[in-house]
Amino acid sequence: MAKTYNIAALGGDGTGPEVLVEGIKVLNAVAPKFDVKFEFTDFDFGGERYMRTGEVLPPNAADELGKFDSIYLGAIGHPDVKPGILEKGILLKLRFDLDQYINLRPVKLYPGVETPLKDKGPEQIDYVVIRENTGDLYTGTGGFTLKGTPNEIAIQSAVYNRFQVDRCLKYAYEYTKKRNKRNTLALCGKTNVLTYVYDLWERAFNEMGEKEYADIRRDYYHVDATCMWMVKNPEWFDVIVTGNMFGDIITDLGAITQGGMGIAAGGNINPEGVSMFEPIGGSAPKYTGLNVINPIASIAAGQMMMETLGEYEMAKKIEEAIMTVVSTKMKSMSAGKMGYSTTEVGDLVAEAAAS
Ligand code: IPM
Ligand code: MN
């Protein structure tokens, strides 16, 4: 009997629902080959629901979503809602409530995809960023005093405890070992200025590496230097591990080197629980409903979901289909310039994946 996966489908805002439909199309197309079935359950969380009901998320949302095998997300962010409300109230809230403490973001350039990096190709641009996903400036620790006065003070603190750092490093070391490419894990920090938080990270990084992962080479880069080398010598990197804020920033840089937001995917992973997969590009509201947005990132998020669920062969098949379509069919990764519509790109990948 076919194995059934129950997936929560959160289309969200803007072009989110459009790209998610294409991801679902590809999963459904490839499933029979691997004797798997998908049951998708839609949730309408996002800006429209918020404006209609005044509620960002129902109080039991995380409990409900926690019952699924996985969560497949389109995008969160609505032009008519003040920035921060939906992002914090939905995306970050789910990451925190479901304790998805890893944000896994591969930076991989596929053949035929254009990169802004001169003289660099798929050989050089192939690494993974592991972004810690529950701590740092994202905890919301801080506040205002004397707000609205000339002496106003605003504080927002980077917060980490040893447990959070250790569990993220453990995942990163294990991932590097399993990936078995260059067996190199780089810590991206700022030990010259953030002398508490990244001191903790660096000590934990070295202690764990020395004790448990003698075969993994350890590198360290300050975050500013990391940005420089990601552009100049991306081939140096195998796996990068970093805190939440730096991880957010460097993965946008990484994304543009692999062809942009149309292709970059990420996984919010709770290795012991329920994970959530998303294209990292956001809701791109100006393209909503035009059938021009690139669904590849969403399809790649589906591929990551299969990998995380242990469906390695299916994930591989989807990746091969993506590679075929981006390298032999699509003219560009940018919205409106693909040479195909959103639905056509979905059809092409689905067809290649099912073959
Ligand atoms: C991301 C996004 C989010 C983040 C925003 C939308 C809250 O930029 O997933 O990278 O900062 O984590
Ligand atoms: Mn981001």
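Helices (H or I, at least four residues) and strands (E, at least two) are DSSP runs, numbered from the N terminus. The model is predicted: local features need pLDDT of at least 70, side-chain atom pairs count only at pLDDT 80 or more, and totals for chains, interfaces and linings use all residues. Residues are numbered from 1 along each chain as its sequence is written, and side-chain values use heavy atoms, without hydrogens and water.

**View 1. The shell around ligand 1.** Helix H4 (residues 85-97) gives the most to this shell, with three residues. Glu-87, Leu-91, Arg-95, Arg-105, Arg-131, Tyr-138 and Asp-248 surround ligand 1 (a heavy atom within 4 Å). Five of the shell residues are charged, two nonpolar and none polar (Asp, Glu, Lys and Arg count as charged; Ala, Val, Leu, Ile, Met, Phe, Trp, Tyr, Cys and Pro as nonpolar; the others, Gly among them, as polar).

View 2. Domain 1 (1-110 + 264-355) and domain 2 (115-258) both give residues to the shell, so ligand 1 lies between them. The bounds come from an automatic or database domain assignment.

**View 3. Polar side-chain atoms at ligand 1.** Oxygen atoms of ligand 1 lie 2.7 Å from an N or O atom in the side chain of Arg-95, 2.8 Å from a polar side-chain atom of Arg-131 and 2.6 Å from one of Tyr-138. The protein covers 76% of the 320 Å² of accessible area that ligand 1 has on its own (Shrake-Rupley method, 1.4 Å probe).

**View 4. Positive phi at Asn-183.** Asn-183 is not a glycine, yet its phi is about 50°. Asn-183 sits in the loop between helix H5 (162-179) and strand S8 (184-189).

Methods: Chains lettered and ligands numbered in written order. Polar contact = N/O pair within 3.5 Å; in protein donor to acceptor, adjacent residues only side chain to side chain.
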